[in-house]
Amino acid sequence: MSFCHRDIARVARKQMKFEIERAKRTGFCFGVKRAIDIVTRAANENGHVETLGAVVHNEQVMQKLEKTGVSTVKEIDDIKGKLVITSSHGVSPEVEEKIRASGIEIVSTICSDVRRAQMAAKRLADEGYFVIVYGDGNHPEVKGIMGWVKDKGLATTNEKDIADLAIRPKRIGVLSQTTQAATEYAVFAQKVVALSLQRDAEIRILDTICHDLRDRQATTLELARRVDLMLVVGGRHSANTNHLANLSSKIVNTHLIETATEINPDWLEGCRRVGVASGSSTAEETIAEVITCLKDLSG
Ligand code: F3S
């Protein structure tokens with residue numbers, strides 16, 4: 001069975017031949033695996049469960065969960081049942097309070113690494129630091145972390161936002177969204193230090209990047225250096241998949257694809273080696289389909 005969307009026969013006439021190599025770390029990370037297990041169990045026990053937002057940022061995984069009785073609501077006011085599941089990205093304390101105040105029970109699937117980042121932010125804010133979260137302020141994980149900081153900090157990936165502060169704080173704590181690229185966070189942290197040095201300044205920099213992703217980024221880049229083309233399989237809304245694809249594209253021609261059907265045979269012309277990597281919420285099944293498609297195309 002082929003998972004390719006394109007006309008294999010047409011492509012095969014071009015007699016493409018390439019090797020396929022998979023990055024050492026692919027498939028679900030432990031946090032996503034745990035979240036899916038919790039949701040699946042709750043759906044089995046209750047027949048149907050609602051999640052507040054997507055539990056993981058992967059369309060194919062969410063579609064599969066839907067078939068087991070999982071539905072997703074965008075807002076707290078849309079929750080119909082007496083129980084809701086919150087995502088592996090976590091939520092802010094305000095969101096939790098609002099849900100409980102509505103008499104709804106919460107089952108959290110927050111990843112332990114995200115929880116660590118939330119607690120690190122809270123500790124820094126409690127100790128009087130102005131907290132800078134290196135991340136995308138619109139991402140649910142960053143919103144959840146900022147909920148512990150309130151107005152005692154900001155979320156950004158641009159150090160100019162710190163330079164623009166009306167009053168430059170003397171005590172600054174810096175941490176990262178768990179899914180950011182470690183190398184880019186290091187550069188950002190150095191810039192914050194350079195910007196913030198002033199008399200009696202105190203700057204704390206915490207490493208809150210997920211270690212699964214650190215390994216994933218390292219093994220993906222190691223593979224990217226040895227191939228002619230990289231395919232990074234994962235959700236277009238997945239922050240870590242986008243970071244992987246961006247990092248890889250700095251080394252070699254790279255495409256982010258959600259499924260095998262998106263593979264364009266034209267990309268493969270002249271390639272001798274093709275690498276496959278994945279984000280942390282990509283199912284093994286989806287990666288296997290991509291590899292099967294590539295094998296078909298390689299003749
Ligand atoms: Fe957690 Fe890292 Fe996965 S933060 S959800 S183990 S990508």
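Select Thr179 first, in the loop between strand E8 (171-176) and helix H8 (residues 182-196). Helices (H or I, at least four residues) and strands (E, at least two) are DSSP runs, numbered from the N terminus. This is a predicted model, in which local features need pLDDT of at least 70 and side-chain atom pairs count only at pLDDT 80 or more, while totals for chains, interfaces and linings use all residues. Residues are numbered from 1 along each chain as its sequence is written, and side-chain values use heavy atoms, with hydrogens and water left out.

Thr179 has a relative accessible area of 11% and is therefore buried. Buried means under 20% relative accessible area, exposed over 50%, and partly exposed in between (1.4 Å probe, protein chains only). Show its contacts next, contact meaning heavy atoms within 4.5 Å. Not counting residues up to four places away in sequence, Thr179 touches Glu141, Leu213, Gln217, Ala239, Asn240 and His243.

Now select helix H9 (residues 211-224) and helix H10 (residues 239-249). They pack at an angle of about 30 degrees, with their axes 10 Å apart. H9 is therefore roughly parallel to H10. Angles under 35 degrees count as roughly parallel, over 145 as roughly antiparallel, 65 to 115 as roughly perpendicular and the rest as oblique. The axes are lines fitted to C-alpha atoms, for helices over the stretch in contact, and angles run from 0 to 180 degrees between N-to-C directions.

To see the contact, colour Leu213, Arg216, Gln217, Thr220, Leu221 and Ala224 on H9, and Asn240, Leu244, Leu247 and Ser248 on H10. Five residues of this contact are nonpolar, four polar and one charged. Here Ala, Val, Leu, Ile, Met, Phe, Trp, Tyr, Cys and Pro count as nonpolar, Asp, Glu, Lys and Arg as charged, and the others, Gly among them, as polar.

Move on to His89, in the loop between strand E4 (83-86) and helix H4 (93-101). His89 counts as buried, at 12% relative accessibility. Its contacts, leaving aside neighbours within four places in sequence, are Val55, His57, Val114, His139, Pro140 and Glu141. For a distance check, pick the C-alpha atoms of His89 and Val39: they are separated by 14 Å, and the two residues are 50 apart along the chain.

The aromatic residues come next. Two aromatic pairs turn up in a search of the whole structure. In one of them, Tyr134 and Phe188, the ring centres are 4.6 Å apart and the planes stand at 35 degrees, so the pair is tilted. Rings of Phe, Tyr and Trp (its six-membered ring) pair if their centres lie within 6.5 Å; planes under 30 degrees apart count as stacked, over 60 as edge-to-face and the rest as tilted.

Tyr134 is in strand E6 (residues 130-134) and Phe188 in H8, 54 residues apart, so that the pair links distant parts of the chain. Tyr134 is buried at 5% relative accessible area, and Phe188 is buried at 3%.

Finish with two backbone torsions. Most residues other than glycine have a negative phi. Lys150, in the loop between helix H6 (140-146) and strand E7 (153-156), has a positive phi of about 55 degrees. Lys150 is exposed, at 56% relative accessible area. Asp200, in the loop between H8 and strand E9 (202-205), has a positive phi near 65 degrees. Asp200 is exposed, with a relative accessible area of 63%.
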